[in-house]
Amino acid sequence: MSGPGRPGADAYQRALGLLVRREHSRRDLTRKLAQRGVEPEEARAAVERLAGQGYQDDDRFAASFARDRAAAGYGPVRIRAELAGHGLKEDAIQAALAACETDWAALARRQVERRHRPAELADPARRRKVVEFLLRRGFDQESAWGAVRATPDDALDD
């Protein structure tokens, strides 16, 4: 054995190593430490210490995650669900989505424009498939249907 201080320092160093690569939520960081053989209490203590030092911050993680997912073309419904899956509270999720400053309807239209020509969307079956795609990407019904009904001329009128 390496002494009483070593296990906690090891958990702290492992957690810090994970945070150097990218942001993590408290839940994810604790889970990853447990996967690496760190005792649950040591993992919680290490994560708490890192949070106290400002190295781990759930709000910062949420904002970064939401921005990245929005930039990748995902909608607010999916981002909200994914953030909840990372153990974040509703107020942190709301703040992260607000910090995105994203026009979700415009983002949905861009997703459609990138993948489909306007002529394709004249077919009702194709429109339904595109709406289903947008719903899976995390857009609400209104944004999804609005995106498939929009034409380049409609976008200029906005």
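Predicted model: local features only at pLDDT ≥ 70, side-chain atom pairs only at ≥ 80, totals over all residues.
Arg69, Arg78 and Glu82 are linked in a network of salt bridges. Glu82 is buried, at a relative accessible area of 19%. The cut-off for buried is under 20%.

**Other salt bridges**

The structure holds nine salt bridges. One of them joins the side chains of Arg60 and Glu23, at 2.7 Å from N to O. Arg60 belongs to helix α4, whereas Glu23 belongs to the loop between α1 (6-21) and α2 (26-35), so the bridge ties together parts 37 residues apart in sequence. Another joins the side chains of Arg44 and Glu41, at 3.1 Å from N to O. Here the two partners are three residues apart in helix α3 (residues 40-52), a separation of about one helical turn.

| Residue | Relative accessible area | State |
|---|---|---|
| Arg60 | 33% | partly exposed |
| Glu23 | 23% | partly exposed |
| Arg44 | 43% | partly exposed |
| Glu41 | 53% | exposed |
| Glu82 | 19% | buried |

**Nonpolar cores**

The largest nonpolar core has 26 residues, of which Ile79, Leu83, Trp104, Val112 and Leu134 touch the most other members. Six helices each supply at least two residues of this core: α4 (58-71), α5 (76-85), α6 (90-100), α7 (104-115), α8 (124-137) and α9 (141-149). The largest share, five residues, comes from α4.

Which residues does Leu83 contact, leaving aside its neighbours within four places in sequence? They are Phe61, Ala62, Phe65, Ala66, Leu88, Ile93 and Ala96. In soluble globular proteins, nonpolar side chains tend to be buried together.

In α9, Ser143, Ala144, Ala147 and Val148 are buried. Why do they lie on the same side of α9? They cover an arc of only 125 degrees around the axis, which puts them there. The buried residues of α9 pack against α7 and α8. Glu142 and Arg149, on the other side of α9, are exposed.

Definitions and conventions. Residues numbered from 1 in each chain as written. Heavy atoms only, no water. Core = buried A, V, L, I, M, F, W, Y, C linked by side-chain atoms within 4.5 Å. Buried < 20%, exposed > 50% of the residue type's maximum accessible area, 1.4 Å probe, protein only. Helix = DSSP H or I, 4+ residues; strand = E, 2+ residues; numbered from the N terminus. Contact = heavy atoms within 4.5 Å. Arc of directions from axis to C-beta. Salt bridge = Lys/Arg side-chain N within 4 Å of Asp/Glu carboxyl O.
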